[in-house]
Amino acid sequence: KYLNVNKIGIDDNFFDLGGHSLLMVKVNNDLKQSLKKDISIVEMYRYPTIKTLSESLSSKSDTGLSVDRISDRAKRQKESSNKQKRIKLR
């Protein structure tokens, strides 16, 4: 509709297909209306493919799980770091 491209894949980058800031605003407005969800322009710049934007929006709706994953990862990294320190002290 906006890019004059016949077929767009989920991994195609909006900007590589000829997108620019003014088109981004138009797409953003249409997405907000279609999805009935607030999507920031910054988020669309950060995730310029359908796949990455979709993944980002999906993870935002499951924030609790994301926080748990981050917390678990931080805990594992800390444990690994402590283990490395103990090995060096031997």
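Ile8, Ile10 and Ile50 make up a nonpolar surface patch with about 270 Å² of accessible area together. Patch members have over 30% relative accessible area and no salt bridge, and nonpolar side chains are joined within 5 Å. Areas come from the Shrake-Rupley method with a 1.4 Å probe. A salt bridge puts a side-chain nitrogen of Lys or Arg within 4 Å of a carboxyl oxygen of Asp or Glu. Ile10 lies in the segment before H1.

The model is predicted: local features need pLDDT of at least 70, and side-chain atom pairs count only at pLDDT 80 or more. Residues are numbered from 1 along each chain, and side-chain values use heavy atoms.

The structure also holds two aromatic pairs. Rings pair if their centres lie within 6.5 Å; planes under 30 degrees apart are stacked, over 60 edge-to-face, the rest tilted. Phe14 and Phe15 are edge-to-face because their planes stand at 85°, with centres 5.2 Å apart. Phe15 and Tyr45 are stacked, 5.2 Å centre to centre and 20° between the planes. This second pair links distant parts of the chain, 30 residues apart: Phe15 precedes helix H1 (21-35), and Tyr45 sits in helix H2 (residues 41-46). Helices are DSSP runs (H or I) of at least four residues. Ring pairs join Phe14, Phe15 and Tyr45 into a cluster.

Accessibility is classed as buried (under 20% relative accessible area), exposed (over 50%) or partly exposed (in between).

| Residue | Relative accessible area | Class |
|---|---|---|
| Phe14 | 12% | buried |
| Phe15 | 28% | partly exposed |
| Tyr45 | 38% | partly exposed |
| Ile10 | 49% | partly exposed |

Notes: Phe/Tyr/Trp six-rings, centres within 6.5 Å; stacked < 30°, edge-to-face > 60°. Buried < 20%, exposed > 50% of the residue type's maximum accessible area, 1.4 Å probe, protein only. Helix = DSSP H or I, 4+ residues; strand = E, 2+ residues; numbered from the N terminus. Patch = residues over 30% accessible without salt bridge, like charges linked within 9 Å, V, L, I, M, F, W, Y side chains within 5 Å.
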